[in-house]
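Q: Can you walk me through this one? Keep it short, please.
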Amino acid sequence: MIRLQKVSKKFGTGEFGLESLDIFVDKGEFVFLTGRVGAGKTTVFKLITRELLPTEGSIVVDNLDIVKLPYGKIPHLRKKIGVVFQDLKILMDRTIFENVILPLQVAGVKEKLAEQKVQEVLEKVGIIDHKDKFPVQLSGGQLQRTAIARALVMSPPILLADEPTGNLDIETAFEIVALLQEINKQGTTIIMATHNKEIVDKNKKRIVTLHKGRLVKDESPSKNEEKKGGSKKINDS
Amino acid sequence: MILKTTLKNIRRSPYQAFAAILIMTLTFLVVSFFTFILVGSSLVINYFESKPTLTAFFKNESKDEDIKSLEESLKNTSKVASVKFVSKKEALEIYREQNKDDPLLLDLVTEDILPSSVEISAVNIEDLESIHDILKDNTIVSDIVYQKDVVSTLTSWTNALRQIGIGLIVVLVVVAIFIMGIITGVKISQKKEDIEIMKLIGASDWYIRLPFILEGAFYGVVGAVFGWAIASSSLWYASPYLKSFLEDIPIFPISSIFLLELLGVEIVIAILLGTFSSFLAVLRYLK
């Protein structure tokens with residue numbers, strides 16, 4: 001579903017954001033993308049959504065070679081990928097409903113159908129009672145749910161969540177992860193970037209760890225389990 | 001949906017909308033006024049051109065056949081639209097009509113004193129000079145009267161007004177393009193976050209550009225309607241005064257079809273102007 005091959009990204013400053021990175025994420029997988037701040041997690045997401053172009057390497061998303069993708073086709077790619085941004089990117093002058101309906105409006109979905117879809121997704125993420133409120137009236141967790149709802153409303157096959165638990169208390173953070181796992185069970189491929197060790201350790205999912213733009217660990221759920229049991233095996237593939 | 005976004009953008013920034021509509025109104029007010037002035041002055045010139053603008057008086061001893069031959073020779077030139085002979089008898093009738101309130105003057109004048117004449121209307125106002133030259137060398141002509149000065153003054157005034165009008169309109173159009181561009185630019189920078197988010201969730205460039213361009217066209221249309229309405233109302237208000245000033249010149253009443261045609265043309269120009277100026281801004285600020 002998502003394949004990054006020998007991907008490097010060198011920034012204008014001369015620093016490498018990513019160096020020769022190989023990651024393959026299969027359809028329906030749930031992957032934790034971990035690493036310290038500056039490890040390159042957000043850069044990976046920006047490359048997958050063609051916000052950035054790699055300096056080297058190839059990126060294929062849902063059979064689309066997105067490095068060679070013409071500029072005019074980028075909106076088509078982005079409609080396939082739901083993104084929960086690190087800074088949420090919620091429009092403060094619009095209600096929760098208006099924020100969530102935005103991708104459907106952009107895609108030209110008919111108003112009635114769009115409203116129905118928003119209703120459904122807000123129910124799914126548990127903030128239907130807040131649909132007419134403005135973002136300032138909501139808590140951090142509720143805003144996070146709003147961002148997830150907006151990312152899901154187009155029913156994308158892929159969901160990228162960049163630090164969706166970043167500023168939340170541990171209880172709310174676990175609720176958000178549980179929500180993402182529920183979404184994953186319904187077939188959505190999810191990559192969740194996080195540096196929260198507790199969340200990663202408590203969930204039996206594949207963990208891809210980056211350090212200074214390089215892949216340092218890629219642990220499958222079983223290996224993850226073994227690790228919890230004392231094993232230190234690292235899969236470098 | 002795009003239309004809805006456009007209307008929302010207008011509602012959410014009323015001061016910018018007001019500024020944009022103001023400059024467009026000013027531009028189309030000037031366009032409307034100069035159109036009225038130019039069409040009006042062209043009607044005045046046409047009126048004078050179509051009138052017997054040159055009168056040649058004959059000497060008393062002139063023979064009918066000489067007058068006839070002169071008339072024929074004038075008609076044969078391509079410069080003369082019509083020639084009307086006024087006999088001594090007709091001249092007396094005209095004199096009597098003009099002085100009917102003064103019996104003393106009527107008693108003093110007889111048919112013999114008044115000269116016969118021809119009233120000549122030129123095809124073009126510029127031809128009057130050459131017709132005058134033909135007549136002045138003719139031995140049967142005693143005097144020539146024509147409104148050369150009035151018409152030439154009017155023509156030069158009209159030309160000057162046309163040039164001033166065109167110059168002013170060009171300046172205002174350039175100013176309107178700049179102001180509209182700046183307003184669109186400000187709106188784009190205010191909505192930078194929205195635009196960024198919309199792009200990230202899959203909006204195409206045109207989905208983002210179109211509301212700004214439609215907004216420009218909207219301001220243009222509203223400005224054109226306001227400008228036209230102000231100018232038309234002013235003309236309507238000034239009509240009684242202008243009518244008495246212009247007397248016989250058939251300008252009034254102003255045709256409502258002409259006014260509606262002007263509005264139609266101005267709306268088309270306004271859409272083009274609004275679209276063009278906001279499109280330039282969109283290209284500049286939404287790279």
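A: Start with a term: helices (H or I, at least four residues) and strands (E, at least two) are DSSP runs, numbered from the N terminus. Chain A has eight helices and 10 strands.

Q: Anything to know about the model and the numbering?
A: This is a predicted model: local features need pLDDT of at least 70, side-chain atom pairs count only at pLDDT 80 or more, and totals for chains, interfaces and linings use all residues. Residues are numbered from 1 along each chain as its sequence is written, while chains are lettered from A and ligands numbered from 1 in the order in which they are written.

Q: OK, how much of chain A counts as buried?
A: Of its 237 residues, 41%. Buried means 20 or more other C-beta atoms within 10 Å of the residue's own, with C-beta atoms placed from the backbone.

Q: Which residues of α5(A) meet α6(A)?
A: A:Gly141, A:Gln144, A:Ile148 and A:Leu152 do. Their partners in α6(A) are A:Thr172, A:Glu175, A:Ile176, A:Leu179 and A:Ile183. Contact means C-beta atoms, placed from the backbone, within 7 Å.

Q: Switching to chain B. What is the strand order in its open sheet of four strands?
A: The order is β2-β3-β1-β4, with antiparallel pairing. Two strands pair if DSSP finds at least two bridges between them.

Q: Which strands stand at the edges?
A: β2 (80–86) and β4 (141–146) of chain B. Each has a single partner strand, so one side of each is left without a neighbour in the sheet. The twist averages 20° from one strand to the next.

Q: How many bridges join β1 and β3 of chain B?
A: Four, in the antiparallel sense. In one of them, B:Ala56 is partnered by B:Val118.

Q: Last topic: how many residues of chain B are in contact with chain A?
A: 11, against 12 residues of chain A. Helix α8 (residues 192–200) of chain B gives the largest share of chain B's side, five residues.

Conventions:
A residue is buried if 20 or more other C-beta atoms lie within 10 Å of its own, exposed if 12 or fewer, and partly exposed in between; C-beta atoms are placed from the backbone. Axes are lines fitted to C-alpha atoms, for helices over the stretch in contact, and angles run from 0 to 180 degrees between N-to-C directions. Two residues are in contact if their C-beta atoms, placed from the backbone, lie within 7 Å.
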